[in-house]
Amino acid sequence: MSITAASALDVASIRRQFPVLDQDVSGRPLVYLDNGATAQRPAAVLDALRRFYEMDNANVHRGIHELSRRATDGYEGARVRVAEFLNAPDPKSVVFTRGTTESINLVANAWGGANIRAGDEIVLTVMEHHSNLIPWQMLAQRTGAQLRFIDIDEQGRLRLDMLDDVLTARTRLVAFNHVSNSLGTINPVAELTRRAHDAGALVLIDGAQAAPHVHVDVQAIGCDFYAFSGHKMGAPMGIGALWGRREIMDELPPWMGGGEMVDLVELSHATYAPVPHRLEAGTPNVGGAVALAAAIDWLEGVGRDAIEGHENTLLRHGMERLRGVEGLRLFGPASPDERIAIFPFAMDGAHPHDVATILDAHGIAIRAGHHCTQPLMRRLGVPATTRASCWLYNTTDELDRLAEGLEEVRRIFA
Amino acid sequence: MSIDRSTPDLGGLYQEVILDHYKRPRNRGEVDPHDADVHLRNPTCGDEIRLQLRIEDGVVTDIAFTGDGCSISQASSSMMTDLVKGRPAEEGLALARRFTEMMHGVDEAAKDKQLGQARVLQGVAKFPARVKCALLSWEAYQEALKQADR
């Protein structure tokens with residue numbers, strides 16, 4: 001395994017911490033390049049999850065006994081770690097969810113239900129994942145609000161020149177991804193936030209693809225809501241978080257009722273707990289939260305700068321190799337400064353599913369399809385794309401194997 | 001064409017005749033007038049087919065398809081239309097059942113000469129993620145017969 005001098009990351013040592021990577025697929029060492037869909041978990045995270053269930057498992061908040069105290073400490077400690085991870089000023093406005101999708105649905109239901117009226121406008125972009133589109137469609141259908149969209153340019157970058165037209169006095173919310181899952185574009189989130197605020201709108205950012213790769217600082221961005229998922233950054237599936245500005249979160253009505261979220265309950269009515277618990281009905285995913293905190297610890301132990309440096313090496317190497325494949329069209333920004341190491345592409349004469357099957361036969365895991373961005377696929381004029389997406393354990397050798405696999409696609413289909 | 005034989009069955013999947021039907025599909029287009037017009041999509045992968053056919057005295061006298069999809073779905077559509085065109089609709093239905101059995105790994109079905117050229121798709125059965133691609137056009141055919149019956 002080659003380690004590039006430019007990165008301070010010891011990739012060989014990192015890879016040894018991911019048990020799943022050490023296997024053969026189709027008779028060759030697995031090359032896992034489907035990190036945009038879900039990443040793998042390091043042993044430290046799996047150990048933390050196991051340790052919770054083996055040693056500390058109990059329900060949180062209500063118990064007086066030792067195990068409940070430990071579970072509560074683990075759960076609330078994880079909330080503090082998430083706040084630190086996002087540089088959020090106040091852990092109390094971090095709500096645990098199943099992931100980005102649930103976080104956005106929470107805002108659409110609780111905030112949207114209380115604040116959106118007929119004629120209001122919600123501004124989205126054409127590059128949104130269905131998880132940052134459908135909840136707003138549903139809200140618009142319920143309330144009579146209108147959805148408006150920021151388009152992209154030929155390189156898959158948001159057209160900021162449209163903002164003057166799209167943002168109006170009726171705009172209540174602007175919601176967009178930090179990094180596009182289908183293009184790899186890193187959006188100018190601070191600038192977008194400033195423009196939205198100037199128009200009097202709130203800002204929600206879908207950070208699902210950003211959290212594993214780029215430094216997230218909600219105070220520097222200035223946004224009002226930030227959502228992300230654990231499973232794309234080394235934590236288990238089924239845990240994620242929503243951060244919201246405290247004064248907004250304090251005003252949010254509950255969106256699900258049940259245990260954990262109440263203050264005083266009568267048969268006919270109840271009063272509710274303050275945030276965050278008001279928004280966390282039912283037994284939470286305590287093990288998941290503990291493991292998410294372990295993933296944050298692990299990532300910060302590796303070092304955000306080292307991760308970004310290594311991924312930048314992968315990005316530049318991958319772009320060069322893929323551009324060398326005849327008949328391959330790489331989507332997303334031409335400049336590596338504007339994207340992360342996600343490689344979405346189309347190949348002349350070869351459908352993405354055929355590309356995926358041939359690469360799978362070479363032990364290479366990539367994704368083919370619409371990537372939950374059907375409107376974006378139509379915008380790009382393709383039925384589907386093939387996407388290779390990297391994380392910190394990938395190597396330039398693996399991208400070479402990807403390029404070799406694509407040469408075989410060419411041999412079969414050209 | 002050289003296919004690396006060390007990779008699992010890729011050669012069996014992407015045979016010359018399949019690639020030929022993919023690159024030069026038969027019966028691509030529309031049927032006018034038609035007795036059935038069916039549009040099927042596979043939401044997980046985006047493959048889609050629009051199938052039109054005409055039936056006269058119980059015989060499929062014309063059939064054609066349009067749509068987008070992978071090599072397997074397009075080749076299967078091309079072969080299916082070739083196979084059922086000019087045949088009694090009922091015979092085509094029996095072939096649809098036979099083809100479906102072949103996709104589910106039934107050996108006798110794969111040996112059934114009635115399936116003609118479509119037998120080359122038997123290799124797809126070894127790629128479970130791709131079986132639905134091969135079946136889409138046959139599902140559209142069965143749906144079209146139901147529609148024509150109404």
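Colleague: Where in chain B is P33(B) found?
Modeller: In this predicted model, P33(B) sits in the loop between α2 (16–23) and β1 (36–41) of chain B.

Colleague: What makes the peptide bond from D32(B) to P33(B) cis?
Modeller: Its omega is near -5°. Most peptide bonds are trans. Chain A also has a cis bond, from V275(A) to P276(A), with omega near 5°. P276(A) is placed in the loop between β12 (270–272) and α10 (286–302) of chain A.

Colleague: What is to be noted about phi in E260(A)?
Modeller: Phi of E260(A) is positive, about 75°, although the residue is not a glycine. Most residues other than glycine have a negative phi. E260(A) belongs to the loop between α9 (246–249) and β11 (262–265) of chain A. H371(A) is another non-glycine residue with a positive phi, near 55°, and its place is the loop between β16 (367–369) and α13 (374–380) of chain A.

Colleague: Why is H371(A) called buried?
Modeller: The cut-off for buried is 20 or more other C-beta atoms within 10 Å. H371(A) has 24 such neighbours, so it counts as buried.

Colleague: Why is E260(A) called partly exposed?
Modeller: Exposed needs 12 or fewer neighbours and buried needs 20 or more, with partly exposed in between. E260(A) has 18 other C-beta atoms within 10 Å, so it is partly exposed.

Colleague: How do you know that L21(A) counts as partly exposed?
Modeller: By the cut-offs of 12 and 20, its 16 C-beta neighbours inside 10 Å make L21(A) partly exposed. L21(A) is in the loop between α1 (11–16) and β1 (24–25) of chain A.

Colleague: Which residues is L21(A) in contact with, leaving aside its neighbours within four places in sequence?
Modeller: They are R15(A), L30(A), Y32(A), Q40(A) and Y393(A). The C-alpha atoms of L21(A) and R41(A) are 9.8 Å apart, for a sequence separation of 20 residues.

Colleague: What makes L402(A) buried?
Modeller: The threshold is 20, and L402(A) has 23 other C-beta atoms within 10 Å, so it is buried. L402(A) lies in helix α14 of chain A. L33(A) is 369 residues from L402(A) along the chain, with 9.0 Å between their C-alpha atoms.

Colleague: Why are α12(A) and α14(A) called oblique to each other?
Modeller: Their axes cross at roughly 125° and come within 9 Å. Roughly perpendicular runs from 65 to 115 degrees and roughly antiparallel starts over 145, therefore the pair is oblique. The crossing of α12(A) past α14(A) is right-handed. On the α12(A) side the contact involves D354(A), V355(A), I358(A) and L359(A), and on the α14(A) side G405(A), E408(A), V409(A), I412(A) and F413(A). By class, six of these residues are nonpolar, one is polar and two are charged.

Colleague: Why are α4(B) and α6(B) called roughly antiparallel?
Modeller: Helix α4 (residues 89–103) and helix α6 (residues 131–149) of chain B pack at about 160°, with axes 10 Å apart. An angle over 145 counts as roughly antiparallel, and therefore this pair does. The crossing is left-handed. Among the residues making the contact are L93(B) and F99(B) of α4(B), and W138(B) and L145(B) of α6(B). The contact has eleven nonpolar, three polar and no charged residues.

Colleague: How do you know that the radius of gyration of chain A agrees with that of a compact globule?
Modeller: For 414 residues the globule rule gives a value near 22 Å, and chain A has 22 Å, so the two agree. For the 150 residues of chain B the rule gives near 15 Å, and chain B has 15 Å, which agrees. The C-alpha trace spans about 70 × 55 × 35 Å along the principal axes in chain A and about 50 × 30 × 25 Å in chain B. Buried residues are 52% of chain A and 41% of chain B.

Colleague: How many residues does each chain bring to the contact between them?
Modeller: Chain B brings 19 residues and chain A brings 16. The chain B side has ten nonpolar, six polar and three charged residues.

Methods
Residues are numbered from 1 along each chain as its sequence is written. Chains are lettered from A and ligands numbered from 1 in the order in which they are written. This is a predicted model: local features need pLDDT of at least 70, side-chain atom pairs count only at pLDDT 80 or more; totals for chains, interfaces and linings use all residues. The radius of gyration is taken over C-alpha atoms; the globule rule is 2.2 Å times the number of residues to the power 0.38. Axes are lines fitted to C-alpha atoms, for helices over the stretch in contact, and angles run from 0 to 180 degrees between N-to-C directions. Helices (H or I, at least four residues) and strands (E, at least two) are DSSP runs, numbered from the N terminus. Angles under 35 degrees count as roughly parallel, over 145 as roughly antiparallel, 65 to 115 as roughly perpendicular and the rest as oblique. A crossing is left-handed if the near helix is turned anticlockwise from the far one by less than a right angle, and right-handed if clockwise. Two residues are in contact if their C-beta atoms, placed from the backbone, lie within 7 Å. Ala, Val, Leu, Ile, Met, Phe, Trp, Tyr, Cys and Pro count as nonpolar, Asp, Glu, Lys and Arg as charged, and the others, Gly among them, as polar.
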